[in-house]
Amino acid sequence: MNGTVVAFDAAVGLGEVQRADGTVFPFHCIELADGTRTIEVGTPVTFGLLCKLGRYEAAAVART
């Protein structure tokens with residue numbers, strides 16, 4: 001899927017990705033595919049989904 005990072009808090013390592021249809025998925029910094037632990041808000045990304053604790057989260061988040 002394609003989306004855009006709409007929030008990221010480097011202090012806690014949590015962020016959100018929004019798809020074009022407006023659906024927002026949370027993600028943890030360990031899901032950044034390039035191994036970094038930070039990403040800028042507004043960055044276009046591709047990602048997959050994982051079901052964790054009964055909800056979907058973005059996984060394998062990669063800059064495009």
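L49 is partly exposed, with a relative accessible area of 31%; the classes used here are buried for under 20% relative accessible area, exposed for over 50%, and partly exposed in between, with a 1.4 Å probe and protein chains only. The structure is a predicted model, in which local features need pLDDT of at least 70 and side-chain atom pairs count only at pLDDT 80 or more, while totals for chains, interfaces and linings use all residues. Residues are numbered from 1 along each chain as its sequence is written, and side-chain values use heavy atoms, with hydrogens and water left out.

L49 belongs to strand 4, residues 44–52. Strands here are DSSP runs of E with at least two residues, numbered from the N terminus. Together with M1 and Y56, L49 forms a nonpolar patch on the surface, and the three have about 280 Å² of accessible area together. Such patches are made of residues with over 30% relative accessible area and no salt bridge; nonpolar side chains (Val, Leu, Ile, Met, Phe, Trp, Tyr) are joined within 5 Å, and like charges within 9 Å. The areas come from the Shrake-Rupley method with a 1.4 Å probe, and for residues only the protein chains shown count as cover.

Five strands make up an open sheet in the order 3-2-1-4-5, with antiparallel pairing. Strand 3 and strand 5 are at the edges with a single partner strand each, so one side of each has no neighbour in the sheet. On average, neighbouring strands of this sheet are turned by 40° against each other, direction ignored. The axes behind this angle are lines fitted to C-alpha atoms, for helices over the stretch in contact, and angles run from 0 to 180 degrees between N-to-C directions.

Two strands count as paired if DSSP finds at least two bridges between them. Strand 1 and strand 4 run antiparallel and are joined by three bridges; T4 stands opposite P44 in strand 4. Strand 4 and strand 5 also run antiparallel, joined by seven bridges. In this pair, C51 faces Y56 of strand 5, and Y56 is also one of the residues of the nonpolar patch.

## Turns and positive phi values

Strand 4 and strand 5 form a hairpin with two residues between them. Most residues other than glycine have a negative phi, and most peptide bonds are trans. L53, in the loop between strand 4 and strand 5, has a positive phi near 55°. L53 is exposed, at 90% relative accessibility. A60 is not a glycine either, and has a positive phi of about 50°. A60 lies in strand 5 and is partly exposed, with a relative accessible area of 48%.

Another loop lies between strand 1 (2–9) and strand 2 (14–19), and A11 is found there. A11 is exposed, with a relative accessible area of 74%. A11 and G54 are 43 residues apart along the chain, and their C-alpha atoms are separated by 25 Å.

## Salt bridges

Side chains of opposite charge can pair when their charged atoms come close. A salt bridge is counted when a side-chain nitrogen of Lys or Arg is within 4 Å of a carboxyl oxygen of Asp or Glu. By this rule there are four salt bridges. One of them joins R63 and D34, at 2.3 Å from N to O. R63 lies in strand 5 (residues 55–63) and D34 in the loop between strand 3 (24–28) and strand 4, so this pair ties together parts that are 29 residues apart in sequence. R63 is partly exposed at 39% relative accessibility, and D34 is partly exposed at 46%.

R19 forms a salt bridge with D21, with the closest N and O atoms 3.0 Å apart. R19 is partly exposed, with a relative accessible area of 23%, whereas D21 is exposed at 53%. R55 and E57 also meet in a salt bridge, at 3.1 Å from N to O. R55 is partly exposed at 46% relative accessibility, and E57 is buried, with a relative accessible area of 10%.

## Cysteines

A disulfide is a covalent bond between the sulfur atoms of two cysteines. With a cut-off of 2.5 Å between the sulfur atoms, a search of the whole structure finds zero disulfides. C29 is buried at 9% relative accessibility, while C51 is exposed, with a relative accessible area of 52%.

Notes: Helices (H or I, at least four residues) and strands (E, at least two) are DSSP runs, numbered from the N terminus.
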